[in-house]
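Colleague: I would like to learn how to read a model of this kind feature by feature, with the general idea stated before each case. Could you take me through it with the structure in view?

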Amino acid sequence: MKKSGDNFNAADWEDFVHSTAKSAPSGRDLFKTYQSFMAYVDTLPKADLVKHGWMKSKNDIGALSSLFFQLHGDKNQFLYRKSKEAKTPLLAVWLSRARVEAELAYHKRKVARFDGLAKEDLRSIAQLSVDVSVVLELSTLLARKGVVLVFLAALPGMKTDGVVFKLTSGNPAIALSLRFSRLDYFWFTLLHELAHVVRHAALLDEPICDELDSDGTDEIEVEANRLAKASIVDRSVWRDCEPKYNQNKEAVVSFARKIHVHPSLVAGLLRKEANDFTRYSELVNEVDVRALIFQP
């Protein structure tokens, strides 16, 4: 593979397959994309990509063909809650892989036609959290509603928690990075991405990537956070609930039982609201979601 300063040779890319190309690209455009691609590749943690199985070796640049065509097709212009710590190349390669995994999942699973998702659906999905093992069934359950869900481990140093975008079929797809193993984090991230499907389906031609650690003020992110929280507990019920005044674990468990969600979801909301992430560690770390999903 030539470096970005060498002459571009179209033969170098004959093994790259891109099924969504709309027209034959010009040589100039391809070369510009090639330069951007190589600049990205030079900054990537190739050892980590090999470890993840995304490359056979550090020189297996052809394995990153989806990234090349993502850069060429949309110029990496997606909605993203930016932060100073955002690692764009890491995000770009992770997102390109997420697209491939989601398209494959669509063709492997029996995915229904997507006819929309209502906020009431999110409430029903949140209530599934009572059964911890349902995490392993969510991809199948969401496929019945026309939504593709895939899990793709975060790359070291990557801040992105989840992304939602539209497949070539028109179905929405969600990829979760499982950057943290906590059960409350898993469920809130999923509900946040599903909230985008409910509220922002018209925007999904471009991926919406989320970094939930960042307290951004983007209107669509604020709206998604609000709906995700309301899917766990109604605002009027949350306002004066007992765990706000009684911080005992038993109060959290009792309230969670009342609203039919796993206690970790309630604990997570309380931790976030108080900006105290030392509370209820036993509850939120009760299950290692990463180990559950990525088990051998």
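**Strands, core, rings and charges**

Modeller: Let us begin with the sheet, where strand S3 and strand S5 (residues 208–210) run antiparallel and are joined by three bridges; strands count as paired when DSSP finds at least two bridges between them. Helices (H or I, at least four residues) and strands (E, at least two) are DSSP runs numbered from the N terminus. Within this pairing, glycine 162 stands opposite aspartate 210 in S5. Please keep in mind that this is a predicted model, in which local features need pLDDT of at least 70 and side-chain atom pairs count only at pLDDT 80 or more, whereas totals for chains, interfaces and linings use all residues. Residues are numbered from 1 along each chain as its sequence is written, and side-chain values use heavy atoms, with hydrogens and water left out.

Colleague: In what sense do S3 and strand S4 pair, and over how many bridges?

Modeller: S3 and S4 (residues 172–176) pair in the antiparallel sense over five bridges, and along this pairing valine 164 stands opposite isoleucine 174 in S4. The two strands make a hairpin with five residues between them, in which glycine 170 takes a positive phi near 95°.

Colleague: How many of the residues of strand S3 are buried?

Modeller: Buried means under 20% relative accessible area, exposed over 50% and partly exposed in between (1.4 Å probe, protein chains only). Four of the five residues of S3 (residues 162–166) are buried, so this strand is largely enclosed by the rest of the structure.

Colleague: How many aromatic pairs does the structure hold?

Modeller: Rings of Phe, Tyr and Trp (its six-membered ring) pair if their centres lie within 6.5 Å, with planes under 30 degrees apart called stacked, over 60 edge-to-face and the rest tilted. The structure holds four such pairs. One of them joins phenylalanine 151 and phenylalanine 186, a tilted pair at 6.1 Å centre to centre with 45° between the planes. Phenylalanine 151 lies in strand S2 (residues 148–151) and phenylalanine 186 in helix H7, so the pair ties together parts that are 35 residues apart in sequence. Phenylalanine 186 counts as buried, at 1% relative accessibility, and Phe151, Phe186 and Trp187 form one aromatic cluster.

Colleague: What are the ring geometry and planes of tryptophan 238 and phenylalanine 255?

Modeller: Their ring centres are 6.3 Å apart and their planes stand at 50°, so the pair is tilted.

Colleague: Finally, what is the count of salt bridges?

Modeller: Side chains of opposite charge can pair when their charged atoms come close. Taking a salt bridge as a side-chain nitrogen of Lys or Arg within 4 Å of a carboxyl oxygen of Asp or Glu, the count comes to 11. Among them, arginine 179 meets aspartate 161 at 3.0 Å, N to O. Arginine 179 lies in the loop between S4 and H7 and aspartate 161 in the loop between S2 and S3, so this bridge ties together parts that are 18 residues apart in sequence.

Colleague: Are arginine 179 and aspartate 161 buried or exposed?

Modeller: Arginine 179 counts as buried at 15% relative accessibility, and aspartate 161 is buried as well, with a relative accessible area of 1%.

Colleague: Which residues do salt bridges that share partners join into one network?

Modeller: Lysine 229 bridges to glutamate 273, with the closest N and O atoms 3.6 Å apart, and this pair links helix H8 (residues 219–232) to helix H11 (residues 263–274), 44 residues apart. Glutamate 273 also forms a salt bridge with lysine 244, where the closest N and O atoms are 3.4 Å apart. Through these shared partners Lys229, Lys244 and Glu273 are joined into one network. Lysine 229 is partly exposed at 30% relative accessible area, glutamate 273 is partly exposed at 42%, and lysine 244 is partly exposed at 25%.
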